[in-house]
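Dear colleague,

Please find below the structure that I am handing over to you.

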Amino acid sequence: MKTFCSVWLLLSLVELSPAPPASQEPPLACTGAPDPAPPQPETAEDMASTGDLEPTHYPARRAAQVALHYLNTHHGSPFRVFGLQQVHKASAEDVAAGGRKYKLDFSVTDWGSGSATMNKSSEEFFSNTTDVLNIAGPALRCSADVLFPRTERHSAPEVQLHCEALHQINSTAQEEDAFYQKYISPDSAVSARDIPDSFGNVSEEMQPFWRLARVAASFIMLRESSENTEFNMAKVASVTQQESSGEQLMLEFVVLLHDLPSQVTHKHTHRLWTLMDTEAVCVLTVCVCSAGDRSVEAAGVLVSRQRRQGPADRVAAQMPSRHQTPKLTL
Amino acid sequence: MKGSVISVLVVLAVLDRLAGGLEHRSYDYTKYHTMDEIGFKSTTPKKAVWMDCGIHAREWIAPAFCQHFVKEILGSYKTDSNVNMLFKNLDFYITPVLNMDGYIYSWRDKTTRLWRKSRSPGTGNCTCFGTDLNRNFYANWGMVGISRDCCSDIYNGPTALSEPEAKAVTDFLGAHQNEVLCYLTIHSYGQLILIPYGHPNISAPNYEELMEVGLAAAKAIKAVHGTSYKVGTAPDILYANSGTSRDFARLIGIPYSFTFELRDKGNYGFILPEDQIQPACEEAYQGAMSIVNYVHDKNFKSAATTATL
């Protein structure tokens, strides 16, 4: 049985990242004027506290949100997207190399299980327990270290994450397989706009695409995050299936990412290739073409993601080793 | 807004001021019912509670909540002795859609759904529209959490109170500042109750009390559907800001001033689906009433205690 897996992530560089080597040929040409620099963070925001943090305050929550983006890049799928339920404990300290490291103890729930429009508040009711639940998805207890580097130009936060019982939550392999089989057929040409629509509706058929968009967006939100940002995906502006080559399901998403502190919604375009495979490394290739409303030059950076467990692996039932291969520029 | 309203006063001054905006359009006040004043008529001046919804266009759950609130109190005052007592002692001033231009624009089509600001044309060299109404008030205007880029979603306007909507609220609250006991402003998303002030170095004199009242409201909210709301100042739990209506209300002496950020926490964000409207409104109603009752009981103690004898 083929399972959805996404391992290699090809991200184009946006204007905040170091310039790509001149010899690189971008896989996708996104052209246009570069965006203006983002507004500088307020000094007040920079003076985040160190030591034990109040779990309900924003510094802990923003760091937890970063850990959540990381979790979704590794364990999100068309049928699984995690949301932050609650931060239980948090602390922060400055690190020698420069930067601030947060230690977090928090819970997440799977927004993807059950109906997407189900009353999500039921998950809140059980926030004092760490039981695995079937209502609106199980609550998982996680711990994470999130390091925000202090560099001249923005660099992505570094995350180490461990969630209890991740392997115990219901597998979505069957749905993923059915999803892949449905859309890999040669005459499949999915094309949709505005998910959700203005009234929050997401059709049954579009829900996996909605979640997939957020998984892909998580790579970008993770990379763009700092102590002064708090990203959520506001909506999917469009999803367009590209012609698949061989076994690759190829989709292009345009998403709108909302940043709470600045209240700005950034538009990003990414192309996502998925290669379904039982054994070999699978490929999720995402080209990010823009921040703001205009496109910027694209180039390639490969980031790996561990392959999802196949049916044979599930017997072993342990956390797959999580490693991030060094970034390779194409 | 139709219904059996006890005493509805269309406040012409407010309506007149709320006009303006996109291409200097005015709203025909016989068609657009901008504000409700709800309460039993009285020969003596009454104390009041103010609630505005829809300062930010894309936060659609907020106007829905104001409508729900009005519907609830109008539908229950005859049978619910608590609401009946509130109507006797208080007037409710409720503006369901404060940012009319922005709200209408956000309904125009799918590309405008996430509009936030007013729709006033840019001034000077600015080609973008709109000012963030909730940064435009004369309350530490321009100090923090704003942008001077007129295209930004947190552009605080060329000057404080440049926007007729903010001016209208300011004038009204100024004229009624001895009557208004409680100021509630409804937003989304985040599931938060924010207390003044938005500036990290400024504390409200009744901070402890505001926290207590806010936490009690969050408890009342949670009791309905289990939804968690966090309580605190904006710089603590959300982000620092200035020029907000909540801060202005507190600054001119309205003792109880709160921002509600309704559902959800980012899954749907601004685009909350239909089946969450009712539960979101039900829980927020209990939160708002918790605050209103506290404020009422503090000012009309004798009326409150006789009921328990």
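**Cysteines and disulfides**

Cys281(B) counts as buried because its relative accessibility is 2% (buried means under 20% relative accessible area, with a 1.4 Å probe and protein chains only). Its sulfur lies 8.8 Å from the closest cysteine sulfur, that of Cys53(B), which is too far for a bond. Cys182(B) is likewise buried, at 0%, and its sulfur is 13 Å from the closest cysteine sulfur, in Cys66(B), again too far for a bond.

This is a predicted model, in which local features need pLDDT of at least 70 and side-chain atom pairs pLDDT 80 or more, while totals for chains, interfaces and linings use all residues. Residues are numbered from 1 along each chain as written, chains are lettered from A and ligands numbered from 1 in the order written, and side-chain values use heavy atoms, without hydrogens and water.

Over all chains there are four disulfides (pairs of cysteine sulfur atoms within 2.5 Å). In chain A, Cys142(A) and Cys163(A) are bonded with sulfur atoms 2.0 Å apart. The torsion about their S-S bond is about 100 degrees, so this disulfide is right-handed. Both Cys142(A) and Cys163(A) are buried.

In chain B, Cys53(B) is joined to Cys66(B), S to S 2.0 Å, and the link is right-handed, with 85 degrees about the S-S bond.

With kind regards

How values were computed. Buried means under 20% relative accessible area, exposed over 50%, partly exposed in between (1.4 Å probe, protein chains only).
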